[in-house]
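Student: Could we go through this model together, starting with the terms and then moving to the fold?
Tutor: Happy to, let's look at it side by side.

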Amino acid sequence: MKKVITYGTYDLLHQGHLNLLRRAKELGDYLIVGVTSDSFDKNRGKLNVRNNVLERVEAVKATGYADEVIIEDYVGQKIDDIQKYDVDIFAIGSDWEGKFDYLNEYCNVVYLPRTQGISSTQLRAESTIDVRVGIIGCGRVAQRFPSEAAVVNGINVIGAYDINPHISEEFIKEEKLEKTFSSVEEMYPCVDAVYIATPHLSHYELIKDALENKKHVLVETPMVLDGEKAIELFELAEKQGVLLMEANKTAHCPAFNHLMVMIKSGVIGEVVDIDASLSKLWDDNMSLREFDSSQAGGSMYELASYPLLPIIKLMGINYDSIRFFSRMYNGIDMYTKCILQYPKGVCALKVGLGAKTEGNLIISGTKGYAYVPAPWWKTDYFELRYEDQNQNKKFFYQWDGFGLRYEIQEFISCIVNHRFSSARLKREESIAMAEIMGKFRERDNFIEI
């Protein structure tokens, strides 16, 4: 059997792609198609892929030409794949002629004629509408947003609003944005979407107001601190036909997503335990909002969304019991350990503003375990470890900038493709996190230590 392999982004699948796949298929008996991952294509200069990798894989499968679809995730993978799959022919478009001649050492390289007059770049240029975004809240986190948005196609950050006009004016000047708004009501006619980066307790009213004005919403995590409010807001977004998305940067990080997919595929067996921790010592400045009980300060509200993420994504939202153990000071938790019991596993998260933890992530399974070193929430490296150390594997990635670009790209992609939920952080997962925050607020199964 003669095996053929080809690679591509296959973004906005078009007739040119179909022609190439058909020609590649005709070269042999079995066609393997490598689809570039969401992060691998960023070397083109911007995060400009319109469809995410799952959508692009499904589109390639739907053509009927591919006998097998794989993900291209790292430089040098083509050689590995050719050897792994015992490939006879490497096929690629003629616009790459000469670029892949080095693969002749491993198989026969064939450059296929391209279909003239059509390309994904052209289609994106013709169909792209810049989503106009306004920033609400100009604090520490928001200061990272304009520079991160600058490397994502399809977004135009128009301006910002802050309850303190002086802060917003300084922000606009510093970030070289077009306009400072005196109110959100003044902002709405000028934007298609808003990014909310205000203190936690203001999120609910701001989200609701934006949704009622039919604006897409990207809101900093935690979205809200109450499960019923989260349900209400997602239902309102659906009714209004707009997107509501929680801005958890780890959820959209390429390496973290790859880790989740691998573990769900069974590489470490059945997951029985997850231990995730995160701490950030700011106790030299107790005047910060994070230490103010009237502003929902404390370790759980400030940090727990991140260690909750791998627990909920891998173990689900239906836990049997939950318990909180907290060290309190002036009405806020300076340290909290939370234990979630599931039917077939137990998980623990540790968060601290007044206690330092290791800051790693360990996912234990029946066949092995995954280890992500601190700071795991900025995942750029992880290991799979086994009883037989010869089977251990290490995975390296790149974490670009502040990491917000990944969630921004997904937000814009969802809007442009009329998707009202992201698989990277599903609605029910955001709701589950809000419900857990609510249980902590009510001191449900709470022990002070």
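Tutor: First, a term we need: a polar contact is a pair of N or O atoms within 3.5 Å, where one must be able to donate a hydrogen and the other to accept it. Keep in mind too that this is a predicted model.

Student: Which backbone oxygen does the side chain of Gln 240 reach?
Tutor: Start from helix H9, residues 227–240, where Gln 240 lies. Leaving aside neighbours within four places in sequence, Gln 240 is in contact with Leu 211, Glu 212 and Lys 214. Its side chain comes to 3.1 Å from a backbone oxygen, and that oxygen belongs to Leu 211.

Student: Does Gln 240 count as buried or exposed?
Tutor: The cut-off for buried is under 20% relative accessible area. Gln 240 has 18% relative accessibility, so Gln 240 counts as buried.

Student: Now the sheet: which strands are its edge strands?
Tutor: Five strands form an open sheet with parallel pairing, in the order S3-S2-S1-S4-S5. An edge strand pairs on one side only, which leaves S3 (68–72) and S5 (108–112).

Student: In S3, what is the bridge partner of Gly 34?
Tutor: Strand S2 covers residues 30–36 and pairs with S3 in the parallel sense over 5 bridges. Gly 34 has its bridge partner in S3, and that partner is Ile 70.

Student: Which strands does helix H3 touch?
Tutor: Helix H3, residues 77–84, packs on the sheet, and its direction makes about 160° with that of S1.

How values were computed: Residues numbered from 1 in each chain as written. Predicted model: local features only at pLDDT ≥ 70, side-chain atom pairs only at ≥ 80, totals over all residues. Heavy atoms only, no water. Helix = DSSP H or I, 4+ residues; strand = E, 2+ residues; numbered from the N terminus. Buried < 20%, exposed > 50% of the residue type's maximum accessible area, 1.4 Å probe, protein only. Contact = heavy atoms within 4.5 Å. Pairing = 2+ DSSP bridges. Axes fitted to C-alpha atoms, helices over the stretch in contact; angles between N-to-C directions.
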